[in-house]
Amino acid sequence: MKIAFYSSQPYDITFFEKVNTSYQHTLIFHDYALNEDTVDLVKDITCICVFVNDKLTEAVLEKLYSKGVRLVALRCAGFNNIDIAAADKLGITVVRVPAYSPESVAEHALALILSLSRHIHRAYNRVRESNFSLNGLLGFELHNATVGIVGTGQIGTALAKILTGFGCNIIAYDPYPSDECVDLGVTYLDFKTLCQQADVISLHCPLNEQTHHLINESSLHDMKKGIMLINTSRGAMIDTQAAIDALKNKHIGYLGLDVYEQEENLFFQDLSDTIISDDMFERLLTFPNVLITGHQAFFTDRALTNIAETTLMNIQRFENHSECLHCCHI
Ligand code: NAI
């Protein structure tokens, strides 16, 4: 089958071409994103492969359908960037990679937690400048800290397992509690109580209508002063302006982000020679207690291999009319 990739990066080409030796599909890589501005460039294709910042609205899907697209293969887990109801109505199948390495994201969340709690990002720069002063680098220990995990699916559970080893008191909120987490000793609470009790909160649920701006002025108000907030899930789960206000009045003590509300204009590109016009993002960068990575939590060799294997298997199953294993539904 001929597959057109969008938002593709050199590492996508490397991993997909390697795995494709077992499939022999024709892979066409486009480095630009698929959205309302670029959909007219699509032609003569049944299957497209997209990533987190391609935007498949109803209008884009209608155009894709009219151009012959019948399969959208997401090479990621989240599917908030696709209007699934519109795809269903049109008869376009949408598949994804539900689990490629939950540990890759859980370990990155831990990296953000530890870097912030011990100020590693600041210490790194200081030592390189021969500044060995410890003033301002006072840390806190994870041992006995209360960590609140919002969403205990695959990634949240992987993080809970890791944090058990640190001796944390783990609390969680999820409308569908996991038996595995209960067995680990995780205590489930309602969201408000979790906000009130946690020293660290890490977000691991999908972005949808219920979770959009889950972290807002009101939920921030419920949190302890000095809270550490970690988001490796999707940017729009945090109301960025509310977070900036809470950083300014020192209510948020630490903020670790791998995702950002307006990241599609920034992430996955080298913008080092340009002027960034996103003032909110630039304001975030001014805080010493904010650590941002550019949506790299998934970015490990194991995860990229698994993504390529599952995506090409999903596509092969569609071509063979086999039962869909990883279809997205509302
Ligand atoms: P999952 O589907 O295994 O787990 C999601 C959990 O969230 C489920 O247990 C579900 O019941 C829970 N949930 C749903 N609505 C909720 C709500 N309103 N409040 C609290 N919990 C709620 O998903 P997985 O694999 O653990 O991934 C979680 C998210 O992480 C994905 O949706 C995606 O947005 C993000 N992600 C980010 C990556 C990165 O590189 N930064 C990579 C992979 C995923």
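**Around the ligand**

A: In this predicted model, 24 residues surround the ligand, and the closest are Tyr100, Gln154, Ile155, Asp174 and Thr232. A backbone N or O atom of Ile155 sits 2.9 Å from an oxygen atom of the ligand, while a polar backbone atom of Gly153 is 3.3 Å from a ligand oxygen. On the nitrogen side, a polar backbone atom of Thr232 lies 2.9 Å from a nitrogen atom of the ligand. As for cover, the ligand on its own has 860 Å² of accessible area, and the protein covers 86% of that.

Now follow the chain on from there. Gln154 and Ile155, both among the closest residues to the ligand, fall within helix H6, which spans residues 154-165. Helix H6 lies across strand S6 (146-150), strand S7 (169-173) and strand S9 (200-203), and runs at about 165° to S6.

Those strands belong to an open sheet of seven, with parallel pairing and the order S8-S7-S6-S9-S10-S11-S12. At its edges you'll find strand S8 (187-188) and strand S12 (290-292), each pairing on one side only. Look at the S12 end: strand S11 (residues 252-257) runs parallel to S12 and is joined to it by three bridges. In one of the pairs there, Leu257 has Ile292 of S12 as its bridge partner.

There's another open sheet to look at, this one built from five strands in the order S2-S1-S3-S4-S5, again with parallel pairing. Strand S2 (26-29) and strand S5 (93-95) each have a single partner strand, so one side of each is left without a neighbour in the sheet. Strand S1 (residues 2-5) runs parallel to S2, with four bridges joining the two; Ala4, for instance, has Ile28 in S2 as its bridge partner.

Helix H1 (residues 10-20) packs on it, touching S1 and S2, and its direction makes about 175° with that of S2. Helix H12 (residues 301-319) packs on it too, touching S1, strand S3 (47-50), strand S4 (71-74) and S5, with its direction at about 160° to that of S4.

Finally, the charged pairs. The structure holds eight salt bridges, and one of them brings together the side chains of Lys63 and Asp40, 3.3 Å from N to O. Lys63 lies in helix H2 (residues 58-66) and Asp40 in the loop between S2 and S3, so this pair ties together parts that are 23 residues apart in sequence.

Conventions. Residues are numbered from 1 along each chain as its sequence is written. This is a predicted model: local features need pLDDT of at least 70, side-chain atom pairs count only at pLDDT 80 or more; totals for chains, interfaces and linings use all residues. Side-chain values use heavy atoms; hydrogens and water are left out. Two strands pair if DSSP finds at least two bridges between them. Contact means heavy atoms within 4.5 Å. Axes are lines fitted to C-alpha atoms, for helices over the stretch in contact, and angles run from 0 to 180 degrees between N-to-C directions. A residue is near a molecule or strand if one of its heavy atoms lies within 4 Å of it. A polar contact is a pair of N or O atoms within 3.5 Å; within protein, one must be able to donate a hydrogen and the other to accept it, and residues adjacent in sequence count only if both atoms are side-chain atoms. Accessible areas come from the Shrake-Rupley method with a 1.4 Å probe; for residues, only the protein chains shown count as cover. A salt bridge is a side-chain nitrogen of Lys or Arg within 4 Å of a carboxyl oxygen of Asp or Glu.
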